[in-house]
Amino acid sequence: MSNIVAIVGRPNVGKSTLFNRLIGKRQAIIDDVSGVTRDRQYGSAHWNGHEFVVVDTGGFVEGSQDVFEKEIRAQVRIAIDESAVIIFLVDVETGETDLDQEVATLLRNSNKPVILAVNKVDNSHRFIDAQEMWGMGFASTHFISSASGSGTGELLDEAVSHLTDDNELETDLPKIAIVGQPNVGKSTFTNVLLGEDRNIVTEIAGTTRDSIHTKYNLYGKEFFIIDTAGIRKKQKVHEDLEFYSVMRAIRAIEEADVCALLIDARTGIEAQDMSIFRLAQKRNKGIAIFVNKWDLIEKETNTARDFELEIKRRIAPFTDVPIVFISALEKIRIFKTVEILLHIYENKIKKISTSKLNDVLLPIIQNTPPPAHRGNMIKVKYITQMTASHPVFAFFCNHPDHIRESYKLFLENQIRANFDFSGVKISLVFKDK
Ligand code: GDP
Ligand code: GDP
């Protein structure tokens, strides 16, 4: 099951306003990553203990009115296929339009849960007007104002009730997703991995249509490749549709422990690659970057080094990410990619003992203590790694709220310098003691 909540609806009903509201709150509290582009159309959110991804389908559309409407229909179909629940947004100001009706028909004929959300219900007058939307025939109808936020809590309550947090694939083995833009070489790479040495053990058809996870055994190391809706058998229908590839990437990331982000050596890391990277980072997934089609690049002495520096500049501040230059076509450094992905998985689940952490970090902190807060010394008493899906370190100290960002970064760098956490995000929390 995917845990994607898709917002669909025609232009100007308020999709991006709702999207920003659903994503924005989390951003303010939890987002520790700066430099995320404003114009992205998907992001992670949480509500009542559920973690999920919100997709605003509107942002992907360009072109004339005709193209626009055709695209919207295509996107609604994809949203139906790929998401767990759909929020169908309409606008009380304009009332129900022809396009609304068309979308409604598509949605009613799907077997996905659909929540009708009537937007711009800013006051009691509009609340009365909005009642006519019951006529659209959706048992689940909410009246909201995305601008003020009213009604959005109840909307989310219902949306998350349709999510299953259980992973589609119950296994303790590492789950690896291969993600990247169309034509970067995902299928070629996957086929090389799966084809070599005849190491395939089993193929398990996922519960979702077309989703196949392949168990792979490499010199005694077993792992799963998450193939969400056919990286290998390409779906020609949707192939060129940007939105489809984005949905597919989101789902693969959600199901994975570690993501192999393929980028094209000829273009370098692009805005879309960055969106995928940030999503994987935000969802606490392990990440490696594989620069594919390296065979096509004319190399000079520093080509790889310069390329790597540019990637690191873009992905900062999370730069402790393995970068490998590969050719899926010519099977160059494929084995290394597998080693790295499994190593990242080990880093993600490894636990450093409290005594080891304190032995290493306390002397460093003593030498370079946190800057005082209003003349008060901040003293770190001890550090421990918490149990979580990725490495989280708790620093027990006085004045935990007054540790500066720059000092947190310093501590993270010290952890990374002393213990190998390459490819995984680490989080630091500061607690009163
Ligand atoms: P999208 O094209 O569906 O993504 O729509 P936008 O989010 O860009 O919103 C279109 C317009 O509706 C903007 O001018 C928003 O400020 C406005 N809008 C969005 N939500 C509300 C709302 O709850 N109440 C009112 N009055 N206006 C809203
Ligand atoms: P996907 O859409 O990401 O699955 O990409 P494909 O695996 O279908 O690859 C797209 C095209 O790039 C195909 O023509 C591949 O043969 C080609 N390709 C993939 N990997 C490489 C590579 O390492 N080097 C070169 N030169 N071409 C590649």
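How many nonpolar, polar and charged residues does the shell around ligand 1 have? In this predicted model, the shell comprises three nonpolar, nine polar and three charged residues. Altogether, 15 residues surround ligand 1, and the closest are Gly14, Lys15, Ser16, Thr17 and Ala147. Helix α1, which spans residues 15–30, supplies the largest share of this shell, namely three residues.

The loop that leads from β1 (4–8) to α1 contains asparagine 12. Although asparagine 12 is a residue other than glycine, its phi is positive, near 75 degrees. Asparagine 12 counts as partly exposed because it has 14 C-beta neighbours inside 10 Å, a number that falls between the limit of 12 or fewer for exposed residues and that of 20 or more for buried ones.

The protein chain has 433 residues, 40% of which count as buried. Its secondary structure consists of twelve helices and 16 strands. Of the contacts in the chain between residues at least 6 apart in sequence, 72% link residues at least 24 apart.

The largest nonpolar core contains 110 residues, and Phe88 and Ile176 have the most contacts inside it. To this core helix α7 (residues 242–255) gives the most, with seven residues. When residues up to four places away in sequence are left out, isoleucine 176 touches Phe223, Phe224, Ile225, Ile226, Ala256, Val258, Ala260 and Leu341.

Valine 258 in β11 is the bridge partner of isoleucine 176. Strand β7 (residues 175–180) and β11 run parallel and are joined by five bridges. Strand β11 also pairs in the parallel sense with strand β12 (residues 286–292), over seven bridges. In that pairing, alanine 260 stands opposite alanine 288 of β12. Six of the seven residues of β11 (residues 258–264) are buried, so this strand is largely enclosed by the rest of the structure.

Helix α3 (residues 98–108) has Asp100, Val103 and Leu107 as its buried residues. These residues lie on the same side of α3, because they cover an arc of only 70 degrees around the axis. An α-helix has 3.6 residues a turn, so residues three or four places apart point the same way. On the face of α3 turned away from the buried side are the exposed residues Asp98, Gln101, Thr105 and Arg108.

Two further backbone features occur in loops. Lysine 120, in the loop between β5 (114–119) and α4 (124–130), has a positive phi of about 70 degrees although it is not a glycine. Lysine 120 counts as buried because it has 24 C-beta neighbours inside 10 Å, where the criterion is 20 or more. Alanine 316 and proline 317 are joined by a cis peptide bond, with omega about 10 degrees. Proline 317 is placed in the loop between α9 (303–315) and β13 (323–325).

Terms used:
Residues are numbered from 1 along each chain as its sequence is written. Chains are lettered from A and ligands numbered from 1 in the order in which they are written. This is a predicted model: local features need pLDDT of at least 70, side-chain atom pairs count only at pLDDT 80 or more; totals for chains, interfaces and linings use all residues. A residue is near a molecule or strand if its C-beta atom, placed from the backbone, lies within 6 Å of it. Helices (H or I, at least four residues) and strands (E, at least two) are DSSP runs, numbered from the N terminus. Ala, Val, Leu, Ile, Met, Phe, Trp, Tyr, Cys and Pro count as nonpolar, Asp, Glu, Lys and Arg as charged, and the others, Gly among them, as polar. A nonpolar core is a set of buried Ala, Val, Leu, Ile, Met, Phe, Trp, Tyr and Cys residues joined through C-beta atoms within 7 Å. Two residues are in contact if their C-beta atoms, placed from the backbone, lie within 7 Å. The arc is that of the directions from the helix axis to the C-beta atoms. Two strands pair if DSSP finds at least two bridges between them.
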